[in-house]
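Hi,

Here is the structure I promised to pass on. Have a look at it first, and then read my notes below.

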Number of protein chains: 4
Amino acid sequence: METSSEIRVRYAETDQMGIVHHANYVVWMEVGRSDWMRARGKGYAEIEAAGYRLVVNGVQVRYRAPARYDELVRVRTRLKEAGRRKVVFGYVVERDGQKLAEGESVHLVTDDQGRAAVLPEALLSLIRGEGP
Amino acid sequence: METSSEIRVRYAETDQMGIVHHANYVVWMEVGRSDWMRARGKGYAEIEAAGYRLVVNGVQVRYRAPARYDELVRVRTRLKEAGRRKVVFGYVVERDGQKLAEGESVHLVTDDQGRAAVLPEALLSLIRGEGP
Amino acid sequence: METSSEIRVRYAETDQMGIVHHANYVVWMEVGRSDWMRARGKGYAEIEAAGYRLVVNGVQVRYRAPARYDELVRVRTRLKEAGRRKVVFGYVVERDGQKLAEGESVHLVTDDQGRAAVLPEALLSLIRGEGP
Amino acid sequence: METSSEIRVRYAETDQMGIVHHANYVVWMEVGRSDWMRARGKGYAEIEAAGYRLVVNGVQVRYRAPARYDELVRVRTRLKEAGRRKVVFGYVVERDGQKLAEGESVHLVTDDQGRAAVLPEALLSLIRGEGP
């Protein structure tokens, strides 16, 4: 499953180079991830309610072409890897089919105290999209 | 004329109090303003292309109730005052009809060098929504 | 008492107009407020540890001149009003003595559940700078 | 040469997990890079004045331990690779000697129109720290 998130570029997201500041792509990837999880029937909010956290362990972004104010960009999000201790998401940011950036985020499962934890199969199946 | 902008609260917009950090409302008001101007047929992008800038001279926000991660909030934007040297926008941020915040932004017209300027009647009429 | 906070303008804080985006002044005011409270011997962190919150009820900023990337700006913060239910801070942002902006923030006292609360005299005296 | 940048964690940089939101590390790395270049006698501002841009081509961050509001963190920045078309910086974010994160950013040289360019030897020597 892949989800698609539409984002209208905000003025506040530009920098003095006249393009979107590169740190915002990390935020956009998170927007994509949130939409992905909501599409699975569980938003981050619900996972947190269950006492689990997906803590970001790493991110990487490769920039291909700039985005500009007021443009409509799209973040396509997919699950690349899903284990009970570690989950990896992949992202493509594009505008009218042109790739602007691609990225990846690695997440470790913890409890709400930040200690390493193991995601219950029920939540993991949900993430993997395996039906009941 | 009033425009309505839907915003899905981003995780990055929350703070350790568990609610949306107050500075983000200023960004949301700008999102509302951008949508307002696009609805008028001229986005900020086009006004800038014509060599004019609407420089923010002041903002104020009054907070009523917190917004939280993943909620859908709505920014309603209206023109409160429109002169050739100064434009004032008013905003209401709400969720399911409940008012979360209200704000105002005052803008001065400048050229692209930041010098005080006078907006041509054509662009002003456009902003005011007066037809040809 | 007035505190002074030095801030080096970040690239990420600029926008495509080539100046600091106006929403960042609200963040800078908060930096000034944090420094102010730390100078009083109690940072926000400690007030939160005691179970109280100073919830932002309103902010306003008036912009005078733009700040630019890599400049050193200064936020001068002072207490304008201090009650057990409501506290008001005033701010001046300047660069080399030139005023760039001035602002104000209004805060209401709540408990950690967000319910209106009354600040104990001890914490209030601390804020007011009244010695033992 | 390595530079060291001290950053006081801002309240606005936290998220509802009670820690610094991960996207801010990308901004902090940029703060480190700016300080690095200023220490070399040329800030970004001057490189841009000369008509060149170091466009961010990629970033990656690996998170080790969280940072929290009001803490003093340190970004140590070093040049990992310096060519006339591509420059790579490496970063370590730490608090009291404990590593919180490490990252890397890859930059391509362009002109002020965003076209690939080749950095003059003079500016490159400056970056490399080779004396006259």
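This is a predicted model: local features need pLDDT of at least 70, side-chain atom pairs count only at pLDDT 80 or more; totals for chains, interfaces and linings use all residues.

In chain C, strand β2 (residues 52-63) and strand β5 (residues 98-111) run antiparallel, with 11 bridges joining them. Helix α1 of chain C, residues 24-39, packs on the sheet and touches β1, β2, β3, β4 and β5 of that chain. The direction of this helix makes about 135° with that of β1(C).

Now for the sheet itself. It is an open one of 10 strands with antiparallel pairing, and the order is β1(B)-β3(B)-β4(B)-β5(B)-β2(B)-β2(C)-β5(C)-β4(C)-β3(C)-β1(C). At the edges you'll find β1 (2-8) of chain B and β1 (2-8) of chain C, each pairing on one side only. On average, neighbouring strands here are turned by 25° against each other, ignoring direction.

I also looked at chain A. It has 3 helices and 5 strands, and from the N terminus on they run β-α-α-β-β-β-β-α. Its radius of gyration is 16 Å, close to the 14 Å that the globule rule gives for 132 residues, so chain A is as compact as a globular protein of that length. The C-alpha trace of chain A spans about 45 × 30 × 20 Å along its principal axes, and 39% of the 132 residues count as buried. If you take contacts in chain A between residues at least 6 apart in sequence, 68% of them join residues at least 24 apart.

Cheers

Methods
Residues are numbered from 1 along each chain as its sequence is written. Chains are lettered from A and ligands numbered from 1 in the order in which they are written. Two strands pair if DSSP finds at least two bridges between them. Helices (H or I, at least four residues) and strands (E, at least two) are DSSP runs, numbered from the N terminus. Axes are lines fitted to C-alpha atoms, for helices over the stretch in contact, and angles run from 0 to 180 degrees between N-to-C directions. Two residues are in contact if their C-beta atoms, placed from the backbone, lie within 7 Å. The radius of gyration is taken over C-alpha atoms; the globule rule is 2.2 Å times the number of residues to the power 0.38. A residue is buried if 20 or more other C-beta atoms lie within 10 Å of its own, exposed if 12 or fewer, and partly exposed in between; C-beta atoms are placed from the backbone.
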